[in-house]
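Good morning, everyone, and thank you for making the time. Please bring up the sequence and the structure, and I will walk through the salt bridges and then the core.

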Amino acid sequence: PREEEESSSSSEPPTSATPRLSTLMSSGVVKKLGLGGLIKLIKWIDEMLSKVPKESIEEIARFAAIIGIIGEEERDFVFSAIDFVVKTRRAGLKVDDQLIALYMLAKVFGVEDKEADNEVVKLAVDRDDKFIAKFIKP
């Protein structure tokens, strides 16, 4: 499936070799991971990107799938999450801002996740951000 995406000819600009995020969102990986797990994954990716190139993180995900730590769906999801972090970093959005934006969007749609609340509280406290704090139930 990855080769098909790379070789597809369309008038759209070339995209990453990773599956489309919308396909992955419907796969159940996000429900399994939860918003809190997604926040932790994005933090891990950002931390890793400050140490190694994107390709090294992708290789870790590939190997984790090969040895059975994660499945192929999860591996593909990690690839998409890496692309998200890389693209939004290039656009000038720091990882904390990425996470807060995702969290606030999830709240707009009524997503409740205590693990995510805890992660975002840590971010809000670190930033002394009163605006974020109002989205978090005590």
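Predicted model: local features only at pLDDT ≥ 70, side-chain atom pairs only at ≥ 80, totals over all residues.

Let me begin with a question: which residue forms a salt bridge with R89? The partner is D46, and the closest N and O atoms of the two are 2.9 Å apart, a salt bridge being a side-chain nitrogen of Lys or Arg within 4 Å of a carboxyl oxygen of Asp or Glu. This pair links distant parts of the chain, with R89 in helix α5 and D46 in helix α3, 43 residues apart; helices here are DSSP runs (H or I, at least four residues), numbered from the N terminus.

Residues are numbered from 1 along each chain as its sequence is written, and side-chain values use heavy atoms, with hydrogens and water left out.

The structure holds 12 salt bridges, and another of them joins E74 to K32, with the closest N and O atoms 2.8 Å apart. Since E74 lies in helix α5 and K32 in helix α3, this pair ties together parts that are 42 residues apart in sequence. E74 is buried, with a relative accessible area of 17%, but K32 counts as exposed at 65%.

A further salt bridge brings together the side chains of D83 and K54, at 2.6 Å from N to O. Here D83 belongs to helix α5 and K54 to helix α4, so the pair ties together parts 29 residues apart in sequence.

Let us turn to the largest nonpolar core, which has 27 residues, and among these L35, I39, I45 and Y103 touch the most other members. Such a core is a set of buried Ala, Val, Leu, Ile, Met, Phe, Trp, Tyr and Cys residues joined through side-chain atoms within 4.5 Å. Helix α3 gives the most to this core, with nine residues. If we leave aside neighbours within four places in sequence, I45 is in contact (heavy atoms within 4.5 Å) with I57, V78, A81, I82 and V85.

Conventions
Buried < 20%, exposed > 50% of the residue type's maximum accessible area, 1.4 Å probe, protein only. Helix = DSSP H or I, 4+ residues; strand = E, 2+ residues; numbered from the N terminus.
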